[in-house]
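Dear colleague,

Please find below the structure that I am handing over to you. My notes on what was found in it follow directly after.

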Amino acid sequence: YREGFPMVISEAAYAGIPVLSTAVGSVPDFIDHGHNGWLVPLDFEKETTITQLANSLQHIVNSRAEFQKVAENCHEIVTKHFRPEIFKQDWTEMLAYPKTFKKLR
């Protein structure tokens, strides 16, 4: 619940495995509930969140057809957000010196 975006989400999506997560940080930016994974709201009453996760997991286990449909869609996360060319572009922009920076000689 403290991590902004757990990398395990992208790793699971790459492997075609749907994710059940709490809706924290930027997770809802990547997981569309019921389409490419499942989200439950984070409640600061730990027992409430645990109950919601358990109920959602039970639903997923009992809905094989829904699981298969969501599994087919979860790869969209990778193709949309985690392609190497996107990573390269984002990191280049973040790490590049401003254009006004003059090289020291």
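**Findings**

Asparagine 73 touches His35 and Asn36, leaving aside residues up to four places away in sequence; contact here means heavy atoms within 4.5 Å. Asparagine 73 is found in helix H4, and at 16% relative accessibility it counts as buried. Buried means under 20% relative accessible area, exposed means over 50%, and partly exposed is in between, with a 1.4 Å probe and protein chains only.

Please note that this is a predicted model, in which local features need pLDDT of at least 70 and side-chain atom pairs count only at pLDDT 80 or more, while totals for chains, interfaces and linings use all residues. Residues are numbered from 1 along each chain as its sequence is written, and side-chain values use heavy atoms, with hydrogens and water left out.

**Overall organisation**

The chain has five helices and two strands, and from the N terminus on its elements run α-β-α-β-α-α-α. Helices (H or I, at least four residues) and strands (E, at least two) are DSSP runs, numbered from the N terminus. Of the 105 residues of the chain, 30% count as buried. Among contacts between residues at least 6 apart in sequence, 46% join residues at least 24 apart.

**Helix H4**

The 18 residues of H4 should span 26 Å at 1.5 Å a residue, and the end C-alpha atoms of H4 are 27 Å apart, which agrees; the expected span is 1.5 Å times one less than the number of residues. H4 bends by about 25 degrees at alanine 71, the bend being the angle between axes fitted to the seven residues ending there and the seven starting there. The buried residues of H4 are Val70, Ala71, Asn73, Cys74, Ile77 and Val78. These buried residues pack against H1, H2 and E2.

**Nonpolar core**

In soluble globular proteins, nonpolar side chains tend to be buried together. The largest nonpolar core consists of eleven residues: Phe5, Ile9, Ala12, Ala13, Val19, Val27, Phe30, Ile31, Leu39, Ile77 and Val78. Such a core is a set of buried Ala, Val, Leu, Ile, Met, Phe, Trp, Tyr and Cys residues joined through side-chain atoms within 4.5 Å. Helix H1 (7–14), H2 and H4 are the elements that give two or more residues to this core, and H1 gives the most, with three residues. Valine 19 touches Ile9, Ala12, Ile31, Gly37 and Trp38, again not counting residues up to four places away in sequence.

**Aromatic pair**

The structure holds one aromatic pair. The rings of tryptophan 38 and phenylalanine 67 have their centres 6.3 Å apart and their planes at 15 degrees, so the pair is stacked. Rings of Phe, Tyr and Trp (its six-membered ring) pair if their centres lie within 6.5 Å; planes under 30 degrees apart count as stacked, over 60 as edge-to-face and the rest as tilted. The pair links distant parts of the chain, with tryptophan 38 in strand E2 (residues 38–40) and phenylalanine 67 in helix H4 (residues 64–81), 29 residues apart. Tryptophan 38 is buried, with a relative accessible area of 4%, whereas phenylalanine 67 is partly exposed, at 26%.

**Glycine 25**

Glycine 25 lies in the loop between strand E1 (20–22) and helix H2 (27–30). With a relative accessible area of 60%, glycine 25 is exposed.

Yours sincerely
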